[in-house]
Amino acid sequence: MSAATTRSRTPDRLCAEAVDLARAAAEEAAAPGVVGEHAGVVSEGDRVVTHYFECKELGYRGWRWAATVARASRAKIVTLDEVVLLPGPDAVLAPEWVPWSERLRPGDMGPGDLLPTDAEDLRLEPGYSGEDEPLPNSPVSEEMALLAEAEDAEVTPAAPAKLATIPVRGTIAAVAEELGLRRARVLSRYGLHTAADRWEDGFGPKTPMAQAAPASCVSCGFLARIGGSLGQAFGVCANEFSPADGRVVSLAYGCGGHSEAAVMPTPPRPAPPVIDETRVDPFPLRPAADSGSVPTDADEDAAELGHS
């Protein structure tokens, strides 16, 4: 170990004694009353010392004010270098920053939000097979582009932003453009598998609803088929009373709303009324005199008591 290293680890005496200078600098940089007790001295090098003071600022638990002082060689006066607020060993720190692409979760997008897709996204692959690639001797081929870059040459008639993006007439890309089938990128095999795994986790055969279902969606009349290779294993539920209404469901999924699981019986209808037109039933217009609960003969005793 050299003498210089030994000196750098030993705090300079005059710098270590300049506690008042360091405190005054920390109090000037901080708000009033937030600089606490002296928390130690650390040697930063030859005649360079950092004084630490406790921070009483709300929300900065465990942080320390650090005031660095120094003096020149053979000088008696200690000067201030800098004052900063630094986290201590027990400081409360924010979690490690994570890029937005790794923090994004399903359902985070809202109206007006834009989600850029990485050019090397593993879920996507080029939507064309390469039939329209330029010939090797073409001025826009990859080989010629590398050669032009090496020789600092210009092989395009204009800037890339001003070049036409419409496919050349008569090419496969032009025909696909007219049919509405031309896309720059399509789902790759990896993208298909990740989507299938995600959909099966939500509405697949291993969910509690599917385990208790009387039948699977493959035989349900409310299942709407989808195209493409995913249509061999998934569909869209169109039953408004199902928990998966409007969702992509596995053909092995099921619920109690299956169209053929329990057919509701037809409610019984009452028999039509029978009218006998061969007999006449008399209906009196007034009740008989002896049909009531009050006798027709006047009771003299009741009359005296006020009854009629």
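The largest nonpolar core in this predicted model has eleven residues: Ala22, Ala26, Ala30, Val34, Val35, Phe53, Cys55, Trp63, Trp65, Ala67 and Ala91. Three elements, helix H3 (19-29), strand E2 (48-55) and strand E3 (63-70), each put in at least two residues. E3 gives the largest share of this core, with three residues. As background, nonpolar side chains in soluble globular proteins tend to be buried together.

Val35 is a handy place to look around that core. Leaving aside neighbours within four places in sequence, Val35 is in contact with Arg23, Ala26, Glu27, Ala30, Phe53, Glu54 and Trp65. There's also a second, separate core of nine residues, and Phe203, Ala210, Ala244 and Leu251 are among them.

What is the order of the strands in the open sheet of four? It goes E1-E2-E3-E4, and the pairing is antiparallel. Strand E1 (35-45) and strand E4 (79-87) are the edge strands, each pairing on one side only. On average, neighbouring strands of this sheet are turned by 20° against each other, direction ignored. H3 lies across E1, E2, E3 and E4, and it runs at about 115° to E1.

Zooming in on the E1 and E2 pair, the two run antiparallel and are joined by seven bridges. Gly45 has Val48 in E2 as its bridge partner.

Glu44 is another residue of strand E1. Is Glu44 buried, exposed or partly exposed? Glu44 counts as partly exposed because its relative accessibility is 46%, which falls between the 20% and 50% cut-offs. Setting aside neighbours within four places in sequence, Glu44 is in contact with Val49, Thr50 and Tyr52. With Thr50 there is a polar contact, side chain to side chain, at 2.9 Å. Glu44 also sits 7.4 Å from Arg9, C-alpha to C-alpha, although the two are 35 residues apart in sequence.

Strand E7 (residues 223-225) pairs with strand E8 (residues 234-237) over three bridges, in the antiparallel sense. Within that pairing, Leu223 stands opposite Cys237 in E8. E8 is also joined to strand E9 (residues 248-250) by three bridges, again running antiparallel. Here Val236 has Val248 in E9 as its bridge partner.

The bridge partners named so far are collected here:

| Residue | Partner | Partner's strand |
|---|---|---|
| Gly45 | Val48 | E2 |
| Val236 | Val248 | E9 |

That leaves the cysteines. How many disulfides are there? The count comes to zero, with a cut-off of 2.5 Å between cysteine sulfur atoms. Cys220 counts as buried because its relative accessible area is 16%, and buried means under 20%. Cys15 is buried as well, at 0% relative accessibility.

Notes:
Residues numbered from 1 in each chain as written. Predicted model: local features only at pLDDT ≥ 70, side-chain atom pairs only at ≥ 80, totals over all residues. Heavy atoms only, no water. Core = buried A, V, L, I, M, F, W, Y, C linked by side-chain atoms within 4.5 Å. Buried < 20%, exposed > 50% of the residue type's maximum accessible area, 1.4 Å probe, protein only. Contact = heavy atoms within 4.5 Å. Pairing = 2+ DSSP bridges. Axes fitted to C-alpha atoms, helices over the stretch in contact; angles between N-to-C directions. Polar contact = N/O pair within 3.5 Å; in protein donor to acceptor, adjacent residues only side chain to side chain.
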